[in-house]
Amino acid sequence: MPEAADAVKPEGEGEAPAEAEEKTAEDDEVLPEGEEEAHQSQEITGLFLQHPETTVAVTGTDIVFTAKVDSTTLSRKPTIKWLKGKWLDLGSKAGKHMQFKETFDRATKIYTWDMKIIKVVPGDAGAYRCEVTSKDKCDSSAFDISVEAVNVEEEHDIMAAFKRTDAGEDEGSLDFSALLKATKKKKKPVVDEEKADVWEILKNAQPSEYEKIAFEYGITDLRGLLKRLKKMKTVEPKHSDAFLKRMESAYSVDKGKKIVLEVEVVDPNAQVKWLKNGQEIKSSAKYIIESVGNIRTLTINRCSLADDAAYECVIGEEKSFTEVFVKEPPVTITKLLDDYHVVVGERVEFEVEVSVEGAHVNWMFEDQELSRDSHKYRFKKDGMKHMLIIQEASLDDIGMYWCFTNGGRTKGELDVEEKELEVLQNIADLTVKAEDQAMFKCEVSDEKVTGKWLKDGVEVLPSSRIKLTHIGRIHRLTIDEVKPEDAGDYTFIPDGYALSLSAKLNFLEIKIDYVPRQDPPKIHLDTTGNMVSKNTIIVVAGNKLRLDVEISGEPPPTVVWAKGDTAITALEGRVRTENRKDLSCFVIEGAEREDEGNYSITVTNPAGEDKANLFVKIVDVPDCPENVKCTSVGEDCATMVWEPPKFDGGVPVTGYLMERKKKGSTRWTKLNFDVFEGVTYEAKRMIEGVLYEMRVYAVNGIGMSQPSLNSKPFMPIAATSEPLGLKVHDVTDTTCTLKWLAPEKIGAGGLDGYVIEYCKEGELPKIRLPRYLRQKYLRRVGDKINLTIPFQGKPRPKVQWYKDGEELDVRVASIRNSEVDSILFIRSAERSHSGKYELVLQIENMEARAILEIRIVETPGPPEVVKVTDVWGFNAALEWKPPKDDGNCEITGYTIQKADKKTNEWFTIYDHNRRTNCTASDLIMGNEYMFRVFSENLVGKSEDFCLSKDTAIIPKIGLEYNPPPFKEKDMQSAPKFIQPLLDRSVVAGYSTAISCAVRGFPKPKIRWLRNKIPLDENPRFLMQNNQGVLTLNIRKPSQYDGGKFTCKAINPLGEDVVECTLLVRGMDGGKGGGGRVGVEYRDGEMD
């Protein structure tokens, strides 16, 4: 909504200051369409029980305004707004100066709102309004506040009347704060002179000189000054031949809202141009230019800070000028800082919450602003929350911490106490013997505390025999191979604490008289490893057996090995013994079945005798199976049987592996990769009409046997299909001629002839089961099943369906029967639909049956217990268990993938692996690998995988890299400007920037100065540093912002300075006293 801005017009404009004031209530307001509809939809009613009353307050006192509303007739909770003037919402000003309170009486259902103004100031005077709304009802109450001074004449209170004391926590934040800094310097005593009449000076001065006069006489509330001057000074309106109504001198709009600029022209056919900062505006979605009769409008949608500019409407040589000010809502603090009381070394986290997400806040410690480049402080932002973190608090951090926004401030106090050191474990006295180890140990409460050890008052230094260690809170002094001179008093003193821990080391000297010792012999037999039971050893035939037996006894005993009653004395050969000190070895090279038997070892010496018995069992692979033969064949399958092997190798047979080949071929194909436990196997996926041979292997815990003899050749073959198109061709009294077509599929066995049957009137029931239903019918979960099974029989047979021996439930599948067929329909197949379905046809006492097997399958579950069983070289062995859920069909293989922990990228190493184990090869040395396995069946690969519980680490062997010595280059250098500042001349009211470039290491600190006055805290100057490119942005400079600008770069190695001159000239030499301004500066002063 366009409103007059409470701001000063930029210098260089010829408009009177009265044009920069607010519109009166009588002026027309332009409301957005949405607001007009909202006003029309709300009914103005009398909701107030108590209205706020007009008040006359005295400066410095507190006043309270109260409003009450009865909610018994309201459908929703009422909301209230406190407004000053027409648009200023006082809710955003809540703080120390203004406080708002809401209460609700449940008995009477009356809401009470209070607005309290603390320490009233003259700036609080004016017209106020209280608005209450509830759904479609609203009410408004207006009241005024007048402020009177206490026994002080107005002419003597001109300074206090315009101080910014009504801003609460924002007190003192003015755009020309840099000018106010000059007043803080010491001034020479001024001789009292007759006071000048400021108002007479202002009425006779040009608008461009108002700010200078206000600064000279100490007036800070420039906006209040302009309001008062408007009442005193009347400006004659300018006559225009082109405009009937000009735009106001200034407008104010909230960020994100829209504004309409409107002029009325004399000539309804006149063409106008709209300019923004001197540049013509083209019509677009953002800028809408309209012409209706004598009215010309410019609508600016969704105003942003970029729309804060000067606008002109031009007709020929005449212009209508205005300025639009875009207001940003102040960022208020919704959660204040808390005080902290911590001990040294603890973590401190100050947290504040603001009203706008992503807002900028400043942190200060006492009077010093905290830099984000500091390593001590860490700044964190999370939505509307801002945190200041001190990782380890110290005594230097004690003080007051501040957080500032453009709409408020808060503070929190940090108190840090010295941490007391607590002794958790004291050192104890020690008494040790020669060549033993002595270790003093103590534990304190702070793991960061260091200290030193003393012996008899002298500091102990580490050496090859004496070691000083500090791990966490524990301090140790270790002395190896204690000597007599190590005895004494030892003390540990923590650094920084008035504390000491002491203990004494006593040296014990022992004299020993040697007496020869005799110990009876003893056999220390290890019963672990290959022993399946006590004193029983299992050896695989062909492997080497080496049995090491430890022996003790003094003097050394004599050892004798024997098999049965025969002593083994050979020291060389396949079976031999080897004797060493305290150890006797029994060796069998290439174990054979004849080596199985009972063995004994006997040890003797003068002190006694000991004996141990062992049983060595030799195990081998089993013999091959016998009598492999084929018992039946089908279209693509055959049933094989065989007899178990006569000798199982000493270990039970766990199963069998089968292979087949075509007759005449030498290439055998494996039929199963997992051992098959039975002796009857149905081989599938064979080609009809081809001769095959099969052989079988037996498997036990040792290995796989030799293959059996080949079976006799057999051929898979299937019966022919039924003849087609049977019909009666001719009929006589005694004969009937029939015709039909040959079967669609004859098969490899050929067609030998036809069998013809007939019966008297009526037809036997017969089911013609399609060929694809004579074997397992597979479908995926979710598929649709629609099976049509034709039959014949007269009269019409009775049809009945069964599933797994029980009558078929109609909720499981839908059945539709006709005279010639029966249809089984399942809309969405599930695993529970799997089973054997039986179709029964019945005509009187005759019936026909057909069985079909339906199996509903899906992807399997993941394998189980994937583990790395062995790692050698660049290889790793994996094993896993089959999945619990096979998806209702046979598991056809597994997919194995690997990933190293550095990249976590997965690569497939095996596809369709049929075994439950594999070997991963070509692994990279120095990497740690993870493995995962997917299972597969006819449907596809499992959705989930099983991850190995352990990893395979491929160690680095025999590689040592000695890097060349690295000499770090000294990159430090003093600051040096590589691009200087350039002199500039700009127009007043248009933002500008000056820039330069600097290099240096460590990163230099940058300071900007104007006329030798620092610009650090001036909000009109924005300083940026991007990779050494320094930019100073100046927002809408006035003619008094010109001068000599200096940029300093400072680091520990030196400093460098560049300067430039900025000349600010007026927009039009004929208006507002514009033109160039010559300014002469002296050190430390500004005119």
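Me: In what order do the strands of the open sheet with β38 and β44 run?
Reply: The order is β38-β41-β45-β44, four strands in an open sheet with antiparallel pairing. Please note that this is a predicted model.

Me: Which strands are at its edges?
Reply: They are β38 (519-524) and β44 (575-580), each of which pairs on one side only.

Me: By how many degrees are neighbouring strands turned there?
Reply: On average they are turned by 20 degrees against each other, with direction ignored.

Me: And how many bridges join β41 to β45?
Reply: Six bridges join strand β41 (residues 545-554) to strand β45 (residues 583-588), and the two run antiparallel. As one example of a bridge, V549 has S584 in β45 as its partner.

Me: Next sheet. What is the strand order in the one that holds β29 and β34?
Reply: This open sheet also has its order defined by four strands, β29-β31-β35-β34, and the pairing is antiparallel. Its edge strands are β29 (423-425) and β34 (466-471), and each pairs on one side only. Neighbouring strands of the sheet are turned by 20 degrees against each other on average, ignoring direction.

Me: What joins β34 to β35?
Reply: Six bridges do, between β34 and strand β35 (residues 474-479), in an antiparallel arrangement. Within that pairing, I466 has I479 in β35 as its bridge partner.

Me: Let us turn to β18. Is it mostly covered or uncovered?
Reply: Strand β18 (residues 309-315) is mostly covered, as seven of its seven residues are buried.

Me: Which strands does β18 pair with?
Reply: Strand β14 (residues 273-276) is joined to β18 by four bridges, running antiparallel. β18 also pairs with strand β19 (residues 318-327), in the antiparallel sense over seven bridges.

Me: Where does E312 come into this?
Reply: E312 of β18 is the bridge partner of L275. E312 also has a bridge partner in β19, namely F321.

Me: And what about the turn between β18 and β19?
Reply: The two strands form a hairpin with two residues between them. G316 in that turn has a positive phi of about 65 degrees.

Me: Change of topic: where is Q897, and is it buried or exposed?
Reply: Q897 is in strand β67 (residues 891-900). Q897 is buried, because its relative accessible area is 10% and buried means under 20%.

Me: What polar contacts does its side chain make?
Reply: The side chain of Q897 makes a polar contact of 3.3 Å with the side chain of T908. The side chain of R932 provides another polar contact for that of Q897, at 2.7 Å.

Me: Which residues is Q897 in contact with, leaving aside its neighbours within four places in sequence?
Reply: They are W906, F907, T908, I909, M930, F931, R932 and F934.

Me: R932 again. Which ring does its charged end sit over?
Reply: The charged end of R932 sits over the ring of W906, 4.2 Å from its centre. Elsewhere, R372 lies over the face of F379, at 4.6 Å from the ring centre.

Me: How far apart are A899 and F931?
Reply: They are 32 residues apart in sequence and 6.5 Å apart in space, C-alpha to C-alpha.

Me: Finally, the aromatics. How many pairs does the structure hold?
Reply: The structure holds 21 aromatic pairs. One of them is formed by Y340 and F350, edge-to-face, at 5.1 Å centre to centre and 80 degrees between the planes.

Me: Where do those two residues lie?
Reply: Y340 is in strand β21 (residues 340-343) and F350 is in strand β22 (residues 348-354), so the pair links distant parts of the chain, 10 residues apart. Y340 is partly exposed, with a relative accessible area of 29%, whereas F350 is buried at 0%.

Me: Which residues form an aromatic cluster?
Reply: F65, W82, Y128 and F143 form one aromatic cluster.

Conventions:
Residues numbered from 1 in each chain as written. Predicted model: local features only at pLDDT ≥ 70, side-chain atom pairs only at ≥ 80, totals over all residues. Heavy atoms only, no water. Buried < 20%, exposed > 50% of the residue type's maximum accessible area, 1.4 Å probe, protein only. Polar contact = N/O pair within 3.5 Å; in protein donor to acceptor, adjacent residues only side chain to side chain. Contact = heavy atoms within 4.5 Å. Pairing = 2+ DSSP bridges. Axes fitted to C-alpha atoms, helices over the stretch in contact; angles between N-to-C directions. Phe/Tyr/Trp six-rings, centres within 6.5 Å; stacked < 30°, edge-to-face > 60°. Lys NZ or Arg CZ within 6 Å of the ring centre and 35° of its normal.
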